[in-house]
Amino acid sequence: VSDRPPLCQALSWPEGPCKVRVIEVPSEIHKRLRHSDRLPLFQMIAKNVGIRRAEGRFVLATNTDLLFSERLVRFLASRSLEPKFMYRIDRYDVPSEVPTGVSVEEMLSYCRHNIIRLNRRDGTFPGDALRWIWFIKARRRLTLLHRYILLSIRWLQVEPKLVANIAILLMRGARFLKRHMFPRYPRLHTNACGDFTLMAREYWQALRGYPELEMHSFNLDSVFCHMAYQHGLREKVLRDPMRIYHIEHSSGWTPEGDSKMRERLRIMEIPMLDFPQFESWATKMQKEKRPMIFNSEGWGLASENLPETRID
């Protein structure tokens, strides 16, 4: 952005063992893309710029509004990653009031005790529903229907509209069973997958990164997960106490703000990949047993000589 300092100057860089590279895409390149006057960031194209130029053995695509738990960082530092897996993790959402000017331990302690919602493979749940989820995890023999009923208890309000609520519950249960008993494509952990997708670099390269479609990033990260799965990688979900905490902010997606976001994009005439189209592509890949490759060999702005700053 012309009236703001670049990232390498805007952030403070503590001393440490990590090599940091900041790659800048000039605004002139951004302006070549359709809808660039209304969409200030093409998230997946931007991530591909970094993925294409990454030098590590493994590449983690993530975002700047996250805190990683100590156990997760220890796991990543243990050098025990395996190339055959695509690593995913549950995301815990926390308020924007995460304290600053304190130690990392204090920040993580605040996150542990102030969970707004949890994004799992099987859905997004309010923070006060976690006790049901933990109970269910301890009862592995519960059927899918039992699990759904337990997780739905919080939403079933005992009031004059009880009959209508029960009808809604039964319909949701029927859709839930249909989706999980007769899936047309693998049920991967695509919930909030744009915040944490970790794979060996050669597979990011083989798949040519995220689909570089000139639209809002919604669902494009999910498409990539299915591309990786059909390429032969197996999903491995990192379990608690390994966590990522997502700091709530106005521009991020939330279930409560989903309809407003869609309406805002509609008014601004910014396209997005809707769920039926995602399902169509995921089903096609499952049927053909191979990934769809969306990008050319020049993906990640490979032909551009982009400015790079190294922080040593």
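This report describes the fold, cores, helix packing and some single residues of a predicted model.

Local features are reported at pLDDT of at least 70 and side-chain atom pairs only at pLDDT 80 or more, while totals for chains, interfaces and linings use all residues. Residues are numbered from 1 along each chain as its sequence is written, and side-chain values use heavy atoms, with hydrogens and water left out.

**Overall**

The protein has 12 helices and 11 strands; these are DSSP runs numbered from the N terminus, with helices being H or I of at least four residues and strands E of at least two. Of its 312 residues, 40% are buried, where buried means under 20% relative accessible area, exposed over 50% and partly exposed in between (1.4 Å probe, protein chains only). Contacts are heavy atoms within 4.5 Å. Among those with a separation of 6 or more, 77% join residues 24 or more positions apart.

**Cores**

A nonpolar core is a set of buried Ala, Val, Leu, Ile, Met, Phe, Trp, Tyr and Cys residues joined through side-chain atoms within 4.5 Å. The largest one holds 28 residues, and Ile51, Met199, Trp204, Tyr210, Val223, Phe224 and Leu273 touch the most other members. Helix 3, strand 2, helix 9, helix 10 and helix 12 (275–288) each supply at least two of its residues, and helix 10 gives the most, with 6 residues. Beyond residues up to four places away in sequence, the contacts of Trp204 include Ile51, Val59, Ala61, Tyr210, Phe224 and Trp299. A second, separate core of 12 residues includes Leu66, Leu72, Phe196 and Ile244.

**Helix packing**

Helix 3 (residues 43–53) has Met44, Ile45, Lys47, Asn48, Val49, Ile51 and Arg53 buried. Their cover includes strand 1 (20–23), strand 2 (58–62), helix 9 (201–207) and helix 10 (220–230).

In helix 5 (residues 104–112), Met107, Leu108 and Cys111 are buried. Because they cover an arc of only 95 degrees around the axis, they lie on the same side of helix 5; the arc is that of the directions from the helix axis to the C-beta atoms. These residues pack against strand 3 (66–68), helix 4 (70–77), strand 5 (91–94) and strand 10 (244–247).

The axes of helix 10 and helix 12 come within 10 Å and cross at roughly 5 degrees. Axes are lines fitted to C-alpha atoms, for helices over the stretch in contact, and angles run from 0 to 180 degrees between N-to-C directions. Helix 10 is therefore roughly parallel to helix 12, a term for angles under 35 degrees. Residues in this contact include Val223 and Met227 of helix 10 and Phe278 and Trp281 of helix 12.

**Single residues**

Arg117 belongs to strand 6 (residues 117–120). Its contacts outside four places in sequence include Arg91, Asp93, Glu248 and Glu256. The C-alpha atoms of Arg117 and Asp128 are separated by 7.8 Å, at 11 residues apart along the chain.

| Residue | Relative accessible area |
|---|---|
| Arg117 | 4% |
| His35 | 17% |
| Asn219 | 11% |

Most residues other than glycine have a negative phi, and most peptide bonds are trans. His35 has a positive phi, near 70 degrees, in the loop between helix 2 (27–30) and helix 3. Asn219 also has a positive phi, near 75 degrees, in the loop between helix 9 and helix 10. The peptide bond from Asp240 to Pro241 is cis, with omega near 15 degrees; Pro241 lies in the loop between strand 9 (234–238) and strand 10.

Terms used
Parallel < 35°, antiparallel > 145°, perpendicular 65-115°, else oblique.
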